[in-house]
Amino acid sequence: MIKGIRKGNTMENTNEMTIEFDSRSCNEGFARVAVAAFCTQLNPTLEEVADIKTAVSEAITNSIIHGYENEVKKIRIECKVTEREMHITVIDHGRGIENVEKAMEPLYTTKPELNRSGMGFAFMEAFMDQILVSSELGKGTEVHMKKTIGCIGGIFE
Amino acid sequence: MDEVLQVNGTCMTVFVPKELDHHNAEGIIREADRVLERENIHQIVFDFRDTEFMDSSGIGVIMGRYHNINLVGGYVSAVHVNERINKLLHLSGVYKLITISKEQGWSDKGNKKGEYYGKHQ
């Protein structure tokens with residue numbers, strides 16, 4: 001299976017998936033499981049699946065609590081796999097982040113009264129290889145994450 | 001649904017559900033704080049025996065409860081912690097505030113779930 005993916009033109013070997021759903025907290029479980037299911041085509045380890053689930057869950061929670069502040073609007077997740085890389089983009093059109101650098105500091109939270117730990121971005125950084133956040137006040141936030149699956153090597157000759 | 005909280009004297013055990021995310025965390029916080037307000041609790045035990053998924057919302061639950069009970073001199077522990085949860089507790093630094101046990105804890109939900117004992121050792 002995996003060897004098959006390596007054959008031929010690599011540009012053709014991409015696969016994409018997009019989901020859009022209401023920013024209700026009850027959709028968090030569904031969304032992270034959907035992304036995890038999509039990434040199984042890369043033959044990830046259980047730990048890699050758990051990493052992706054956690055990172056996606058953090059991004060969605062951020063959108064619901066901070067982006068939309070519990071208003072019900074749409075969250076969009078775009079996934080793309082290329083060879084061994086998983087790209088995930090979580091997009092909301094909420095209020096945006098004033099200071100992205102500050103927001104990404106571990107333990108920094110603007111909502112301590114809601115029992116938020118301030119570890120959201122820290123977990124995303126810890127569990128994914130790369131994370132890019134672009135945000136504009138009043139327009140929304142895009143969190144792009146990338147993870148290489150099976151980077152230990154030896155699978156392909 | 002199974003009972004989430006169990007109070008034994010001054011010890012409250014929180015049976016963490018299968019998935020502890022933002023959605024589930026809100027209910028647990030509400031229930032736990034209601035008990036903490038009413039009863040004289042000195043120890044909170046988070047039992048992770050059924051938990052397969054947790055994110056930073058779970059860390060927030062533990063940190064918030066620690067803050068509340070620390071004011072009255074109480075303490076917090078986590079039992080039946082699997083490798084995944086253990087990693088999250090360490091990454092977030094919460095492990096410095098609480099005691100973590102991977103083995104069967106001081107809590108006991110009865111024989112019904114007895115078969116789970118030793119699963120995470």
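Reply: Let's settle the ground rules. This is a predicted model, in which local features need pLDDT of at least 70 and side-chain atom pairs count only at pLDDT 80 or more, while totals for chains, interfaces and linings use all residues. Residues are numbered from 1 along each chain as its sequence is written, with chains lettered from A and ligands numbered from 1 in the order in which they are written.

First, a bit of context for your sheet. Chain A has five helices and five strands; helices (H or I, at least four residues) and strands (E, at least two) are DSSP runs, numbered from the N terminus. Going along the sequence, the pattern is α-β-α-α-β-β-α-α-β-β.

Now the sheet itself. In chain A, five strands form an open sheet in the order E1-E2-E3-E5-E4, with antiparallel pairing (two strands pair if DSSP finds at least two bridges between them). Which strands stand at the edges? They are strand E1 (14-22) and strand E4 (130-136) of chain A, and each has a single partner strand, so one side of each is left without a neighbour in the sheet. On average, neighbouring strands of this sheet are turned by 10 degrees against each other, direction ignored.

Zoom in on one pairing. E2(A) and strand E3 (residues 85-92) of chain A run antiparallel and share eight bridges. Among the residues involved is A:Cys79, whose bridge partner in E3(A) is A:Ile88.

What lies across the strands? H2(A) lies across E1, E2 and E3 of chain A, at about 15 degrees to E2(A). For angles like that, axes are lines fitted to C-alpha atoms, for helices over the stretch in contact, and the angles run from 0 to 180 degrees between N-to-C directions. As for contact, two residues have it if their C-beta atoms, placed from the backbone, lie within 7 Å.

The loop between H2 and H3 of chain A holds A:Asn43, whose phi is near 60 degrees, a positive value in a residue other than glycine. A:Asn43 counts as partly exposed because 14 other C-beta atoms lie within 10 Å. Further along, A:Asn70 sits in the loop between H3 and strand E2 (74-82) of chain A, and A:Asn70 also has a positive phi, about 70 degrees, although it is not a glycine. Is A:Asn70 buried or exposed? A:Asn70 is exposed, because it has 12 C-beta neighbours inside 10 Å. The cut-offs, with C-beta atoms placed from the backbone: buried is 20 or more other C-beta atoms within 10 Å, exposed is 12 or fewer, and partly exposed is in between. Of the 157 residues in chain A, 37% are buried.

That brings us to the inside. A nonpolar core is a set of buried Ala, Val, Leu, Ile, Met, Phe, Trp, Tyr and Cys residues joined through C-beta atoms within 7 Å. The largest one has 58 residues, and A:Val35, A:Ala55 and B:Val14 have the most contacts inside it. Helix H3 (residues 46-67) of chain A gives the most to this core, with seven residues.

H3(A) comes up again where the chains meet. The contact takes 19 residues from chain A and 17 residues from chain B. H3(A) gives the most to the chain A side, with eight residues. That side divides into seven nonpolar, eight polar and four charged residues, where Ala, Val, Leu, Ile, Met, Phe, Trp, Tyr, Cys and Pro count as nonpolar, Asp, Glu, Lys and Arg as charged, and the others, Gly among them, as polar. The predictor gives the complex an ipTM of 0.82 and a pTM of 0.84.

Finally, a glance across at chain B. Chain B has an open sheet of five strands too, ordered E1-E2-E4-E6-E7, but with mixed pairing. There, strand E2 (residues 11-15) and strand E4 (residues 43-47) of chain B pair in the parallel sense over five bridges, with B:Cys11 standing opposite B:Gln43 in E4(B).

One caution about chain B: its mean pLDDT is 84, and 83% of its residues reach 70 or more, pLDDT being the predictor's confidence in each residue, from 0 to 100. Over residues 110-121 of chain B, though, pLDDT stays under 50.
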